Amino acid sequence: MDPLRHSPSPSSSRASSPRTLSCERLGYVGIEAVLDQLKIKAMKMGFEFNIMVVGQSGLGKSTMVNTLFKSKIWKSTMPGLRVPMPQTLQLHSVTHVIEENGVKLKLTVTDTPGFGDQINNDKCWDPILGYINEQYERYLQEEILITRQRHIPDTRVHCCIYFVPPTGHCLRPLDLEFLQRLCRAVNVVPVIARADSLTIEEREAFRHRIQDDLKTHSIEVYPQKSFDEDVNDKILNSKIRERIPFAVVGADREHMVNGRCVLGRKTKWGIIEGHFPCLSWLGGCEQSHA
Amino acid sequence: MAATDLERFSNAEPEPRSLSLGGHVGFDSLPDQLVSKSVTQGFSFNILCVGETGIGKSTLMNTLFNTTFETEEASHHEECVRLRPQTYDLQESNVQLKLTIVDAVGFGDQINKDESYRPIVDYIDAQFENYLQEELKIRRSLFDYHDTRIHVCLYFITPTGHSLKSLDLVTMKKLDSKVNIIPIIAKADTISKSELHKFKIKIMGELVSNGVQIYQFPTDDEAVAEINAVMNAHLPFAVVGSTEEVKVGNKLVRARQYPWGVVQVENENHCDFVKLREMLIRVNMEDLREQTHSRHYELYRRCKLEEMGFQDSDGDSQPFSLQETYEAKRKEFLSELQRKEEEMRQMFVNKVKETELELKEKERLHEKFEHLKRLHQEEKRKVEEKRRELEEETNAFNRRKAAVEALQSQALHATSQQPLRKDKDKKKASGWSSIYSVTIP
């Protein structure tokens with residue numbers, strides 16, 4: 001009559017070692033409805049995502065951000081226009097609310113024009129680190145208030161995309177210094193910028209060299225090995241880790257290719273289509289912060 | 001020169017601009033990511049059952065979760081209310097639920113029920129305290145933390161048909177600011193339909209007039225607003241619990257078999273069990289957990305921190321940092337300790353002085369006593385001496401007297417012719433002796 005194999009019983013009066021019960025139940029209890037409830041709540045509250053893009057000027061950062069989110073987050077600076085080189089490292093934040101299929105995302109992109117552009121780039125990572133820590137500090141202050149808000153506004157940087165110039169050789173000292181310092185504070189994702197200037201073989205060789213460099217200097221980029229939670233995570237993450245750093249091409253102009261309208265870069269020798277690795281680990285960035 | 005000045009212009013403070021997307025980006029999978037992350041983490045849900053012994057708490061739990069939680073029957077002879085938490089791991093499809101059922105054993109059994117609510121309130125506070133301690137830790141792991149805060153309290157009302165008992169009112173009033181209360185009428189198969197209707201109205205009226213805040217199902221989200229509003233009107237739910245199965249028609253249903261009929265648990269006409277299950281598990285479990293965290297726990301945290309003396313801002317409305325407050329408190333505490341130490345030391349010194357004085361007094365008196373004693377002894381000795389002298393003299397005189405008398409008697413014998421002279425002598429002799437006797441004082 002009882003369809004269950006065993007009934008749960010506590011092992012002691014203060015049971016902290018519970019027994020597992022698998023249910024092929026005659027009647028359905030409905031515990032998994034909690035997942036829907038969670039989803040509804042999450043969609044109502046909306047999500048927040050803060051990205052920071054770091055790299056020298058001219059590597060295609062703004063274009064990349066525009067392509068990633070398929071909208072004009074920034075006016076990318078056109079080559080040829082005389083844009084005065086910023087004399088100091090500035091941090092420039094832009095916030096947008098984008099919506100897709102009922103999911104609201106408050107996206108904040110922080111740009112760092114002037115990074116690595118001076119002759120003496122000593123300590124150019126300091127303002128960036130300062131900014132990141134300041135966001136953490138702000139969150140902490142909100143959290144330890146006595147009467148705190150129901151939903152603390154999250155301005156902490158969830159992900160920092162670092163653009164590596166496509167030299168084809170290896171990581172430069174500036175890159176290494178920066179990555180070393182930042183990988184402890186924030187999730188860093190290194191990408192090879194303007195990858196269309198490298199051939200496929202050069203790209204692969206460059207990629208391997210960068211991976212070796214990262215390992216030698218024990219720089220843990222996202223997804224970090226130490227945060228791998230279970231076997232599935234490990235498998236998924238190791239696949240991603242093989243491809244780091246991603247070689248990207250930013251494009252925000254549309255062209256016709258074989259009758260399809262495609263975002264790409266048109267050159268004399270062909271059209272390069274931009275596609276991007278899946279965004280499934282974007283959410284992971286947010287979570288691993290918590 | 002390295003230019004490391006920071007100029008920041010952030011557009012984040014004013015309203016963020018909306019942007020339209022040119023194509024499919026893919027972040028609509030974010031809720032799914034959230035959900036799958038929660039699934040791997042697992043959920044925890046803690047229910048507190050408060051009600052008299054034998055009212056059907058364990059049976060209802062078994063019926064709700066469709067399983068038999070093995071618990072021994074509680075006796076009616078408990079000295080005081082005690083809480084018995086038990087944790088079970090349930091799994092349904094891919095959702096893992098860590099369910100903790102806390103039973104208030106012995107509720108309503110004592111003769112003096114004054115303090116019945118206290119163990120319950122203390123238990124709830126203890127769970128909040130544990131969470132607060134974890135949150136205030138420096139190295140904390142809230143992600144892994146097994147949340148033991150009570151998410152919902154099912155209060156079982158005895159189906160008398162009249163009104164709430166005063167014990168119920170008092171207990172609910174104490175609990176309403178600490179936990180989400182859902183009152184339910186137990187053993188609802190003992191009340192008739194019309195009685196039940198009146199009973200429900202009476203109960204709700206009493207709760208409202210006494211200012212008891214029971215949990216209202218949320219009506220702000222359109223998806224569930226309608227059903228929640230309808231359910232709110234049916235509170236308190238009249239439930240029947242049963243784990244036995246009875247054949248009705250051609251299928252086996254959970255029911256209670258009486259000689260006069262069968263009360264089916266899952267039949268909406270017979271009792272509100274289905275409504276309770278819907279509300280508790282299928283529709284509002286997440287909301288219950290959120291209310292516990294954002295309302296009850298925050299209230300507890302605020303009171304606790306204020307009690308400990310923390311403030312959010314001082315008189316100049318400069319926000320106090322926690323560190324400063326800690327330091328200030330610590331200094332205060334240390335100086336307080338020091339002061340107390342000083343006081344005690346002072347007291348000790350004083351006491352020592354007093355005792356010394358006393359001892360000195362005593363010594364002085366003792367000396368005096370000794371001195372007097374010696375004087376007394378001297379005197380005594382002198383007196384003794386004098387006495388001895390006197391005794392000697394007396395002895396000497398007696399001897400002389402005896403000698404004289406002997407002489408006299410001789411003289412008398414020898415010369416009895418001269419009595420006058422002898423008489424005179426006698427007289428003389430006696431006169432001498434009388435003189436002698438007189439001179440001895």
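Predicted model: local features only at pLDDT ≥ 70, side-chain atom pairs only at ≥ 80, totals over all residues.
Residues are numbered from 1 along each chain as its sequence is written, and chains are lettered from A, with ligands numbered from 1, in the order in which they are written. Local features need pLDDT of at least 70 and side-chain atom pairs count only at pLDDT 80 or more, while totals for chains, interfaces and linings use all residues; side-chain values use heavy atoms, with hydrogens and water left out.

**View 1. A stacked ring pair in chain A: Tyr162(A) and Phe178(A).**
Rings of Phe, Tyr and Trp (its six-membered ring) pair if their centres lie within 6.5 Å; planes under 30 degrees apart count as stacked, over 60 as edge-to-face and the rest as tilted. By this rule the chains hold 11 aromatic pairs. The ring centres of Tyr162(A) and Phe178(A) are 4.9 Å apart with planes at 20°, so this pair is stacked. The pair links distant parts of the chain, 16 residues apart: Tyr162(A) belongs to strand β5 (residues 159–164) of chain A, and Phe178(A) to helix α4 (residues 173–182) of chain A. Helices (H or I, at least four residues) and strands (E, at least two) are DSSP runs, numbered from the N terminus. Tyr162(A) and Phe178(A) are both buried. Buried means under 20% relative accessible area, exposed over 50%, and partly exposed in between (1.4 Å probe, protein chains only).

**View 2. A ring cluster in chain B.**
Ring pairs join Phe128(B), Tyr131(B), Tyr145(B), Tyr297(B) and Tyr300(B) into a cluster. For Phe128(B) and Tyr300(B), the centres are 5.4 Å apart and the planes at 35°, so the pair is tilted. This pair links distant parts of the chain: Phe128(B) sits in helix α3 (residues 117–136) of chain B and Tyr300(B) in helix α8 (residues 285–307) of chain B, 172 residues apart. Phe128(B) and Tyr300(B) are both buried.

**View 3. Arginine over tyrosine, in chain A and in chain B.**
A charge sits over a ring if NZ of Lys or CZ of Arg is within 6 Å of the ring centre and within 35 degrees of the ring normal. The charged end of Arg156(A) is placed over the ring of Tyr139(A), 3.7 Å from its centre. In chain B, Arg149(B) lies over the face of Tyr297(B), at 4.9 Å from the ring centre.

**View 4. Glu286(B) and its contacts.**
Glu286(B) is part of helix α8 of chain B. Its relative accessibility is 10%, so Glu286(B) counts as buried. Leaving out residues up to four places away in sequence, Glu286(B) touches Val34(A), Gln37(A), Leu38(A), Lys41(A) and Phe43(B). Contact means heavy atoms within 4.5 Å.

**View 5. Strand β3 of chain B, covered on both faces.**
Strand β3 (residues 43–50) of chain B has 8 of its 8 residues buried. In a regular strand the side chains alternate between the two faces of the sheet. One side of β3(B) carries Phe43(B), Phe45(B), Ile47(B) and Cys49(B); the other carries Ser44(B), Asn46(B), Leu48(B) and Val50(B). Two strands pair if DSSP finds at least two bridges between them. β3(B) pairs in the parallel sense with strand β5 (residues 95–105) of chain B over 7 bridges. There, Leu97(B) is the bridge partner of Phe43(B). β3(B) also pairs in the parallel sense with strand β6 (residues 152–157) of chain B, over 4 bridges. Cys153(B) in β6(B) is the bridge partner of Leu48(B).

**View 6. Helix α7 of chain B, largely enclosed.**
In helix α7 (residues 273–283) of chain B, 9 of the 11 residues are buried, so the rest of the structure largely encloses it. Among the buried residues are Phe273(B), Leu276(B), Met279(B) and Val283(B). Lys275(B) and Arg277(B) are also buried.

**View 7. Backbone details in loops.**
A cis peptide bond joins Leu235(B) and Pro236(B), with omega about -15°. Pro236(B) is in the loop between α6 (222–233) and β8 (237–238) of chain B. Lys123(A) has a positive phi, near 60°, in a residue other than glycine. Lys123(A) is partly exposed, with a relative accessible area of 43%. Asn66(B), too, has phi near 60°. Asn66(B) is buried, with a relative accessible area of 16%.

**View 8. Confidence in chain A.**
The pLDDT is the predictor's confidence in each residue, from 0 to 100. Chain A averages 74, and 72% of the residues score at least 70. Over residues 1–26 of chain A the pLDDT is below 50; this stretch has 55 contacts in the model beyond near neighbours in sequence.
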